[in-house]
Amino acid sequence: MQRAAPQEFSRVLSSMCTEPHPAARDAAERFLATNPGDPETYQEVARLERRAVETLGEIADLSDPHGYVTSGGTEANVQAVRSARNRLRVEDPNVVVPESAHFSFTKAADVLGVELRRVPTDDDHRADVDAADAAVDDDTVLVVGVAGSTEFGRVDPIPELAAVAHDAGAFLHVDAAWGGFYLPFTDHEWSFAHAPVDSMTIDPHKSGRAAVPAGGVLFRERAGLDALAVDTPYLESTSQATLTGTRSGAGVAAAAAAMDALWPDGYRREYERVAELATWFAAELRERGFETADVDLPLVAASISEPVFERLREEGWRISRTESGELRVVCMPHVTREMLTAFLADVEAVHAAGPEACSLSGDVGDAR
Ligand SMILES: Cc1ncc(COP(=O)(O)O)c(C=O)c1O
């Protein structure tokens, strides 16, 4: 039988996963048969996890971080909601998130029995602080700000949202699952040093170039993590704060190895490359008649008609759209100028194929 092979990355434009760094790939293979969920038995991978959390803390400007390497951004967000709910113990808890928040918060609300209050974003797809302020009440346990939104790469006003959260007696969580490895090289205010952030999601398996699965959750205070701990009678270790039990040592080792290899200079170089690439690509699309949203973090959102989108998918491009219909191209480490030049050539070919296949309609602002 033929051996199954994974997809190549040469036509993957909308995914937030990427080629792992070679050191991460190597570490993942070596640590395949380890379980950081039982740190007394698997001590070496536990040591690597402590190192990974230290480095995630450095990236996010937190000197004494409490956290762990999760299975991904979803688990990290679920755990942030769970921690806030467990710490505040109000009768009818609610969480306030911007409309741009990732759907993992919908899952969190569902499994944890908290109400999810989604508040509008402004014209630039950033959380509307006044709307968040109007939505909080005495039962709010968490306010969420996104630092690198999934659809438009936007960074919410984190210090202002922190003030809203704390005035209401709630915690402030920053979802930097994707943006966290780019933001240190920007002027954005997003980190534990910029605002009284209580917890953060920051995923090595996205722009951090670890192997999947390797997300990250960080808490400013020990109590944030402790609020998640349960007793573990049959293990060598006696308590566990993670959501999953047995976990991937491959992901943990890959995260530590990728960050050892790339933080900070490798990530800085990568950010500079993709920032320039995204700006160039947006300009090329505009020249061809597409409306594009302003580029902030390296993600390009552009209006595109259904037929053009479908034709490009038929050509093998792995692309997706925002909820309001824009094409989204995420400039991940595997995305190069050559790839995007080939994509643009296919866009032109589709355009040349006929009027019904190329009505580049829609305005990014109005499409919402
Ligand atoms: C901002 C943000 N948060 C959370 C997630 C969920 O991460 P995961 O797919 O690793 O669970 C994503 C995924 O793209 C994301 O973009």
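This is a dialogue on how to read selected features of one predicted model.

Visitor: What should be kept in mind about the numbering and the atoms used?

Guide: Residues are numbered from 1 along each chain as its sequence is written, and side-chain values use heavy atoms, with hydrogens and water left out. The model is predicted, and for that reason local features need pLDDT of at least 70 and side-chain atom pairs count only at pLDDT 80 or more, while totals for chains, interfaces and linings use all residues.

Visitor: Which residue does the UniProt annotation "modified residue: N6-(pyridoxal phosphate)lysine" cover?

Guide: UniProt positions are given in the numbering used here, with shortened feature names, and annotations may be inferred rather than shown by experiment. In this case the annotation comes from an unreviewed entry and covers Lys-206. Helices (H or I, at least four residues) and strands (E, at least two) are DSSP runs numbered from the N terminus, and on that scheme Lys-206 sits in the loop between strand 6 (199-201) and strand 7 (215-219).

Visitor: Is Lys-206 buried or exposed?

Guide: Buried means under 20% relative accessible area, exposed over 50%, and partly exposed in between, with a 1.4 Å probe and protein chains only. Lys-206 has a relative accessible area of 14%, and therefore counts as buried.

Visitor: What does Lys-206 touch, and which side chain is joined to that of Lys-206 by a polar contact?

Guide: Contact means heavy atoms within 4.5 Å, and, not counting residues up to four places away in sequence, Lys-206 touches Met-16, Thr-18, Gly-73, Ala-177, Trp-178 and Met-332. A polar contact is a pair of N or O atoms within 3.5 Å; within protein, one must be able to donate a hydrogen and the other to accept it, and residues adjacent in sequence count only if both atoms are side-chain atoms. Such a contact, of 2.5 Å, joins the side chains of Lys-206 and Asp-203.

Visitor: How is the length of helix 3 checked, and what span should its 16 residues have?

Guide: The expected span of a helix is 1.5 Å times one less than its number of residues. Helix 3 (residues 73-88) should therefore span 22 Å, and the C-alpha atoms at its ends are 23 Å apart, which agrees. Helix 3 is also mostly covered, with 12 of its 16 residues buried, among them Gly-73, Gln-79, Ala-80 and Ser-83.

Visitor: What follows helix 3, and what is its phi?

Guide: Most residues other than glycine have a negative phi, and most peptide bonds are trans. Helix 3 is followed by Arg-89, with a positive phi near 45°; Arg-89 lies in the loop between helix 3 and strand 2 (94-98) and, at 63% relative accessibility, counts as exposed. Arg-209, in the loop between strand 6 and strand 7, also has a positive phi, near 65°, without being a glycine.

Visitor: Which residues touch the most other members of the largest nonpolar core?

Guide: In soluble globular proteins, nonpolar side chains tend to be buried together. A nonpolar core is a set of buried Ala, Val, Leu, Ile, Met, Phe, Trp, Tyr and Cys residues joined through side-chain atoms within 4.5 Å. Here the largest core has 92 residues, of which Leu-13, Leu-172, Phe-281, Leu-312 and Phe-343 touch the most other members. Domain 1 (22-262) and domain 2 (268-357) both give residues to this core, so it lies between them. A second, separate core of 16 residues includes Val-97, Val-141, Val-144 and Val-146.

Visitor: How far apart are the C-alpha centres of domain 1 and domain 2?

Guide: Domain bounds come from an automatic or database domain assignment, and the C-alpha centres of domain 1 and domain 2 are 29 Å apart. The contact between them takes 19 residues from domain 1 and 20 residues from domain 2.

Visitor: Which backbone nitrogens does the side chain of Asn-35 reach?

Guide: Asn-35, in the loop between helix 1 (22-30) and helix 2 (43-59), counts as buried at 12% relative accessibility. The side chain of Asn-35 reaches the backbone nitrogen of Gly-37 at 2.7 Å, and a polar atom of that side chain lies 2.9 Å from the backbone nitrogen of Arg-247.
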